[in-house]
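Thanks for coming, everyone. Please put the structure up on the screen, and we'll go through its side chains together.

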Amino acid sequence: MSVRIPWSRPELAHDAVRRAYSRAAAQPDATHPFPLGRGFACSLGYPVELLSDCPPPCVDAFTGVSNVTMIADIPPGATVLDAGCGAGMDAWIAARAAGPLGRVIGVDFSQAMLTRARASLRDAYPLMLFCLAAADALPIAGASIDVAVTNGLFNLNPDRDAIFRELARVVRPGGVLHAAELILKEPLPATEPVDERAWFA
């Protein structure tokens with residue numbers, strides 16, 4: 001049976017996404033309506049040697065749409081926001097680029113994903129912080145972020161305008177946003193079934 005995508009009721013969409021990603025965090029080896037894990041990250045262009053240096057909890061439950069942190073310009077000492085950080089793999093890669101004088105803040109609304117991200121923390125990167133929050137209500141001071149990254153965030157949230165407003169609020173003047181996203185080039189045919197699996201595709 002098809003499940004109608006609940007864009008008309010944003011709170012239902014948020015709950016559905018949270019449940020799906022929380023299940024992925026709890027059981028990354030199970031079957032999910034979207035790809036995840038080390039093999040998927042490799043298929044997106046993340047180098048094997050880099051993934052081997054990242055903590056396994058964040059790699060095992062990685063999901064996104066691109067290797068956005070590999071191409072993002074993150075200078076040493078930067079304050080970086082990973083909005084929709086999931087299990088934290090992109091945050092780890094950003095921390096490597098920002099170095100010991102940098103700071104990385106990961107924000108996600110799935111407690112299960114954040115549990116994985118926090119389990120990956122090491123003393124080598126003391127200025128990493130993972131926060132439970134939605135991307136349209138960031139717990140971050142205005143104009144405090146040098147570089148923001150998102151990896152498959154907007155397609156899963158019906159209130160995209162609010163997310164853009166929040167990102168514009170927290171990124172400092174002259175700062176940069178690197179966003180990777182899935183988009184439709186044209187409307188889906190009327191005969192195309194609209195279900196939860198297609199939604200996450």
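Let's start with Arg169. At 33% relative accessibility, Arg169 counts as partly exposed. Buried means under 20% relative accessible area, exposed means over 50%, and partly exposed is in between, using a 1.4 Å probe and protein chains only. This is a predicted model, so local features need pLDDT of at least 70 and side-chain atom pairs count only at pLDDT 80 or more, while totals for chains, interfaces and linings use all residues. Residues are numbered from 1 along each chain as its sequence is written, and side-chain values use heavy atoms, with hydrogens and water left out.

Which residue does Arg169 form a salt bridge with? The partner is Glu166, and the closest N and O atoms are 2.7 Å apart. A salt bridge here is a side-chain nitrogen of Lys or Arg within 4 Å of a carboxyl oxygen of Asp or Glu. Side chains of opposite charge can pair when their charged atoms come close. Glu166 is buried, with a relative accessible area of 12%. Both Arg169 and Glu166 lie in helix 8, three residues apart, about one turn of the helix. Helices (H or I, at least four residues) and strands (E, at least two) are DSSP runs, numbered from the N terminus. An α-helix has 3.6 residues a turn, so residues three or four places apart point the same way.

Stay on helix 8. Which of its residues are buried? They are Ala162, Ile163, Glu166, Leu167 and Val170. These residues cover an arc of only 135 degrees around the axis, which puts them on the same side of helix 8. That arc is taken from the directions from the helix axis to the C-beta atoms. Now look at the face turned away from the buried side of helix 8. There you find the exposed residues Asp161, Arg165 and Ala168.

Back to salt bridges. How many does a search of the whole structure find? Four. Arg96 and Asp53 meet in one, at 2.3 Å, N to O. This pair links distant parts of the chain: Arg96 is in helix 6 (residues 89-98), Asp53 is in helix 3 (residues 48-53), and they are 43 residues apart. Arg96 is partly exposed at 40% relative accessibility. Asp53 is partly exposed too, with a relative accessible area of 39%.

Another salt bridge joins the side chains of Asp146 and Arg172, at 2.6 Å, N to O. Asp146 lies in strand 4 and Arg172 in strand 5 (residues 171-180), so the pair ties together parts that are 26 residues apart in sequence. Arg172 counts as partly exposed, at 33% relative accessibility.

On to the aromatic rings. The whole structure holds four aromatic pairs. Rings of Phe, Tyr and Trp (its six-membered ring) pair if their centres lie within 6.5 Å; planes under 30 degrees apart count as stacked, over 60 as edge-to-face and the rest as tilted. Tyr21 and Phe34 have ring centres 4.4 Å apart and planes at 10 degrees, so the pair is stacked. Tyr21 sits in helix 1 and Phe34 in the loop between helix 1 and helix 2, 13 residues apart. Both Tyr21 and Phe34 are buried.

Next pair: Phe154 and Phe164. Their ring centres are 4.4 Å apart and their planes are at 15 degrees, so this pair is stacked. Phe154 lies in the loop between strand 4 (145-151) and helix 8 (160-170), and Phe164 in helix 8, so the pair ties together parts that are ten residues apart in sequence. Phe154 is buried, with a relative accessible area of 7%. Phe164 is partly exposed, at 45% relative accessibility. Ring pairs also link Phe40, Tyr46 and Phe62 into a cluster.

For Cys58, the nearest cysteine sulfur is that of Cys54, 5.2 Å away. Cys58 is buried, at 0% relative accessibility. For Cys131, the nearest cysteine sulfur is that of Cys85, 8.5 Å away. Cys131 is buried as well, with a relative accessible area of 15%.

That's my tour. Over to you.

Terms used:
A disulfide is a pair of cysteine sulfur atoms within 2.5 Å.
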